[in-house]
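Dear colleague,

Please find the structure below, handed over for your own work. A short account of what was found in it comes after.

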Amino acid sequence: MTLKQRAKQLKQNIPALFLALKDKETPFIAKIFAAITVGYALSPIDLIPDFIPVLGYLDDVILLPLFVVITVKLIPQDIWERCLKKAKNLWKDGKPKKWYYSIPIVFIWCIILWVVIKNI
């Protein structure tokens, strides 16, 4: 599988993991890993910042696929296939406009900003 194909597959897996997170039949441990994976994928905060040459992007190239693989292994096959099928048609009418999914990320950034300002 080429790097371009893997990137496309990863792009489809993240929405499928989000759908699996919301699915009632997904096991609890898989939901925890799915939340971590989706949160890491959407978060602007990385373990190694992207401005550090090579290592910053290597962080995303290694960790995110690793999180996806672990999470997919924890989700039963029938649930995963159903979520993948839903994810393929998720954005056919354009991107979803559910802005409230960004609230946790904005909240985390506000806390970080507050801590920095308080300690100055």
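Predicted model: local features only at pLDDT ≥ 70, side-chain atom pairs only at ≥ 80, totals over all residues.

Residues are numbered from 1 along each chain as its sequence is written, and side-chain values use heavy atoms, with hydrogens and water left out.

Helix α4 spans residues 77-88 (helices are DSSP runs of H or I, at least four residues, numbered from the N terminus). Its 12 residues reach 17 Å from first C-alpha to last, close to the 16 Å expected at 1.5 Å a residue (1.5 Å times one less than the number of residues). I79, W80, C83 and A87 of α4 are buried (under 20% relative accessible area, with exposed over 50% and partly exposed in between; 1.4 Å probe, protein chains only). Seen down the axis of α4, the buried residues fall within an arc of 95°, so they line one face of the helix (the arc is that of the directions from the helix axis to the C-beta atoms). Q77, K85 and K88 are exposed on the other side of α4.

P65 lies in helix α3, residues 55-74, and counts as partly exposed because its relative accessibility is 28%. The C-alpha atoms of P65 and L10 are separated by 7.1 Å, although the two are 55 residues apart along the chain.

W109 belongs to helix α5, residues 103-118, and is partly exposed at 40% relative accessibility.

Kind regards

Note on methods
Helix = DSSP H or I, 4+ residues; strand = E, 2+ residues; numbered from the N terminus.
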